Amino acid sequence: MDPTWSAMFPLLYEGAKITIQVTVLAGIVALIVSAAAGLGRVSGYALVRGVSRVYVDFFRASSLLVLMFWIYFALPFAGIELNKMVTAVLAIGLNYGAYGSEIVRSSILAVPSGQYEASVALNLTPLQRMWRIIIPQAIARMLPPFGNLLIELLKSTSLVYFITLSDLTYEAMILRNNYLSWTPQIFVLLLVIYFAFSACITITIRLLERKFAAWR
């Protein structure tokens, strides 16, 4: 049986809403964790640097899919049961936050040493130096790699299919099972939708880059 477009779009629309929701929430978690761990990596306190390093090394070495399975299927045995959405957001956010922390760390270290020296000469406190001088310049350097990271994060949301969260990929597989002869068209449409979402991220990052370039 061949589907009609009116039969396909409601399912894909519902899946797209879940994909966007997971991407936005996981992106927020990843950005927060990236900032915390990245700042921790350049902290003057050895304990903070050590904890940040352990987090980064562990989650960068972990498989995202296995991490998702562990949170969703293993944690309930310890009495901690999370729903599918929370599982997806935590797993993706923590995993990509580890990669993002390296972007934050390297961007801070890339700020010219003259800026540090000038802020010291102005008698700014370490906190003032970081937030008024270093961070604004580092953000401009972070934007392009963070744009790439967010696109990778978006594409990784397709893995939530494996914990049966009804995202775009999940709905596309349902359509594919129901309308086998339309498999090529369904997956081409899926690719186009993911491309459109990625393009939105790219455009947003480029606008932010122009804004920060003008500020500089």
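Visitor: In what order do the elements of the protein chain run from the N terminus on?

Guide: One reads such an order by following the chain and noting each element in turn. In this predicted model, the elements run α-α-α-α-α-α-α-α from the N terminus on. The protein chain has eight helices and zero strands.

Visitor: What are the spans of the C-alpha trace along its principal axes?

Guide: The C-alpha trace of the protein chain spans about 75 × 45 × 20 Å along those axes.

Visitor: How much of the protein chain counts as buried, and what area does the chain expose?

Guide: A residue is called buried when its relative accessible area is under 20%. Of the 216 residues in the protein chain, 41% count as buried. The chain exposes about 12,000 Å², and carbon and sulfur atoms supply 68% of that area.

Visitor: How should I read the contacts along the sequence? What share of the contacts with a separation of 6 or more comes from residues 24 or more positions apart?

Guide: Here one asks how many positions in the sequence separate the two partners of a contact. In the protein chain, residues 24 or more positions apart account for 77% of the contacts with a separation of 6 or more.

Visitor: Which residues does UniProt list for a domain?

Guide: A record of this kind assigns a name to a span of residues. The unreviewed UniProt entry lists residues 16–199 as "domain: ABC transmembrane type-1". In the model, this span is 80% helix and 0% strand, and its end C-alpha atoms lie 15 Å apart.

Visitor: Why are Lys17 and Glu14 separated by about one helical turn?

Guide: They are separated by about one helical turn because they stand three residues apart in helix H1 (residues 5–41). Lys17 counts as partly exposed, at 39% relative accessibility. Glu14 is also partly exposed, with a relative accessible area of 38%.

Visitor: Which side chain meets that of Arg53 in a salt bridge?

Guide: The side chain of Asp57 does so, with an N to O distance of 3.0 Å. Both residues lie in helix H2 (residues 46–61), where four residues, about one turn of the helix, separate them. Arg53 is partly exposed at 43% relative accessible area, and Asp57 is partly exposed at 38%.

Visitor: Which residues are linked in a network of salt bridges?

Guide: Arg41, Glu102 and Arg105 are linked in such a network. Within it, Glu102 forms a salt bridge with Arg105, the closest N and O atoms being 3.1 Å apart. Glu102 and Arg105 are three residues apart in helix H4 (residues 84–109), about one turn of the helix.

Visitor: Are Glu102 and Arg105 buried or partly exposed?

Guide: The cut-off for buried is under 20% relative accessible area. Glu102 has 18% relative accessibility, so it counts as buried. Arg105, at 22%, counts as partly exposed.

Visitor: Where is Thr157 found, and is it buried or exposed?

Guide: Thr157 is found in the loop between H6 and helix H7 (168–178). Thr157 is buried, with a relative accessible area of 1%. Not counting residues up to four places away in sequence, Thr157 touches Thr19, Val22, Thr23, Ile92, Asp167 and Tyr194.

Visitor: Finally, how is a phi angle read? What is the phi of Thr164?

Guide: Thr164 has a phi near 60 degrees, a positive value in a residue other than glycine. Most residues other than glycine have a negative phi. Thr164 lies in the loop between H6 and H7, and it counts as partly exposed at 40% relative accessibility.

Definitions and conventions:
Residues numbered from 1 in each chain as written. Predicted model: local features only at pLDDT ≥ 70, side-chain atom pairs only at ≥ 80, totals over all residues. Heavy atoms only, no water. Helix = DSSP H or I, 4+ residues; strand = E, 2+ residues; numbered from the N terminus. Buried < 20%, exposed > 50% of the residue type's maximum accessible area, 1.4 Å probe, protein only. Contact = heavy atoms within 4.5 Å. Areas by Shrake-Rupley, 256 points an atom, 1.4 Å probe, with all protein chains shown as cover. UniProt positions renumbered as here; feature names shortened; annotations may be inferred. Salt bridge = Lys/Arg side-chain N within 4 Å of Asp/Glu carboxyl O.
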